[in-house]
Amino acid sequence: MEELHDAVATLQRTTSQLKDILVQDANIRFQAVHPNPLNRFGRKGFSQSDEDGITLELVRRLNLSCGTFAEFGVGNGLENNTIILGGLGWRGFWVGGQELVFDPTPLPRLTYIRDWITRNNVLCHAEAGMAAIGTGAVDLISLDLDGNDIYIAEALLNGGVLPKIFIAEYNAKFLPPAKFQIAYNPDHRWGGDDYFGAALQNFVDLFSIFGYVLVCCNAYSGANAFFVRKDFADRFPEVPADIRDIHVPPRYHLYSAYGHKASPRVVEALFS
């Protein structure tokens with residue numbers, strides 16, 4: 001019986017490894033043929049999929065050598081879109097409802113505000129976070145809440161929080177120009193189905209009001225949309241004009257494992 005148990009465990013590990021190889025191969029192929037050349041910069045580091053590479057390319061083109069960030073919805077602190085910026089010397093703040101797996105209090109370049117995010121409190125949290133890191137504005141915002149994202153984004157934009165780069169999770173199932181957004185519910189929790197967030201077209205319509213253009217949707221998963229302020233649009237001449245050529249459909253086949261196990265000590269070192 002023990003030998004059978006070991007054999008099953010080995011088979012499961014092998015199957016998981018094969019799945020990751022196939023996922024990686026499919027992702028690289030899709031990146032290469034996607035009509036938006038900016039997708040080719042996508043790479044995974046600390047982000048859920050390839051968001052880190054796109055973020056770093058946007059930061060490079062905007063000449064943001066050492067900036068400030070805010071991220072709303074960060075999980076336990078080991079996998080999100082702004083950890084990589086710590087390696088560039090950036091400082092910023094996170095807001096989320098989950099306990100982090102490390103203590104951020106002693107870290108000089110990272111502030112954590114733990115609270116459930118709503119459109120009524122997000123602006124206060126943004127102001128408190130900016131005050132904590134000693135700035136009146138941030139260069140980059142990332143937003144991933146699995147639900148009320150478009151309402152939270154609207155509250156920030158209406159409140160005058162206008163970063164150079166804004167990353168927002170969209171519901172990729174809705175192909176442009178189709179529109180959809182869930183009804184606002186401050187207590188919304190994602191149920192693992194397709195009732196979450198808003199279509200890419202909804203986000204484009206909202207962000208255009210505040211002077212932003214869509215430059216990329218990440219090719220690996222089709223989960224995050226990258227917007228930049230219009231005054232930086234000329235730095236992305238290769239990006240297609242048609243939203244349908246930027247949109248990425250849902251590709252939610254994520255890695256079972258990626259590299260070595262994430263350590264809280266790495267994040268602590270990046271923001272120390």
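Residues are numbered from 1 along each chain as its sequence is written, and side-chain values rest on heavy atoms, with hydrogens and water left out. Because the model is predicted, local features need pLDDT of at least 70 and side-chain atom pairs count only at pLDDT 80 or more, whereas totals for chains, interfaces and linings use all residues.

The protein has seven helices and seven strands, where helices (H or I, at least four residues) and strands (E, at least two) are DSSP runs numbered from the N terminus. Along the sequence these elements follow the pattern α-α-β-α-β-β-α-β-α-β-α-β-β-α. The radius of gyration is 19 Å, close to the 19 Å that the globule rule gives for 272 residues, so the protein is as compact as a globular protein of that length; the radius is taken over C-alpha atoms, and the rule is 2.2 Å times the number of residues to the power 0.38. Taken along the principal axes, the C-alpha atoms fill a box of roughly 65 × 45 × 40 Å. Of the contacts with a separation of 6 or more, 67% are accounted for by residues 24 or more positions apart, a contact being defined by heavy atoms within 4.5 Å.

Buried residues make up 49% of the 272 residues, with buried meaning under 20% relative accessible area, exposed over 50%, and partly exposed in between (1.4 Å probe, protein chains only). The accessible surface comes to about 12,900 Å², of which 55% belongs to carbon and sulfur atoms; areas come from the Shrake-Rupley method with a 1.4 Å probe, and for residues only the protein chains shown count as cover. There are 23 positive and 31 negative side chains, and the centres of the two sets lie 5 Å apart. In this count Lys and Arg are positive and Asp and Glu negative, while His and the chain ends are not counted; the place of a charge is taken as NZ of Lys, CZ of Arg, CG of Asp or CD of Glu.

Strand E7 (residues 224-229) has five of its six residues buried, so it is largely enclosed by the rest of the structure. E7 runs antiparallel to strand E5 (residues 165-169), to which it is joined by five bridges, and it is likewise joined by five bridges to strand E6 (residues 212-217), again in antiparallel fashion; two strands are taken to pair if DSSP finds at least two bridges between them. Within these pairings, Ala225 of E7 is the bridge partner of Ala168, and Phe226 of E7 is that of Cys216. The hairpin of E6 and E7 has six residues between the strands, and in it Gly222 takes a positive phi near 60°.

Helix H2 (residues 51-61) is also mostly covered, with nine of its 11 residues buried.

Several loop residues have backbone features of note. Asn63, in the loop between H2 and strand E1 (68-72), has a positive phi of about 60° although it is not a glycine, and Asn63 is exposed, with a relative accessible area of 61%. Asp146, which lies in the loop between E4 and helix H5 (149-158), likewise has a positive phi near 60° in a residue other than glycine, but at 28% relative accessibility it counts as partly exposed. A cis peptide bond with omega of about 10° joins Pro176 and Pro177, the latter lying in the loop between E5 and helix H6 (200-209).

Asp139, in the loop between helix H4 (122-132) and E4, is buried at a relative accessible area of 12%. Not counting residues up to four places away in sequence, Asp139 touches Leu64, Gly67, Thr68, Trp90, Pro163, Lys164 and Ile165, and its C-alpha atom is separated by 8.3 Å from that of Ala70, 69 residues apart along the chain. Ser263, in the loop between E7 and helix H7 (264-270), counts as partly exposed at 25% relative accessibility, and the C-alpha atoms of Ser263 and Val101, 162 residues apart along the chain, are separated by 9.3 Å.
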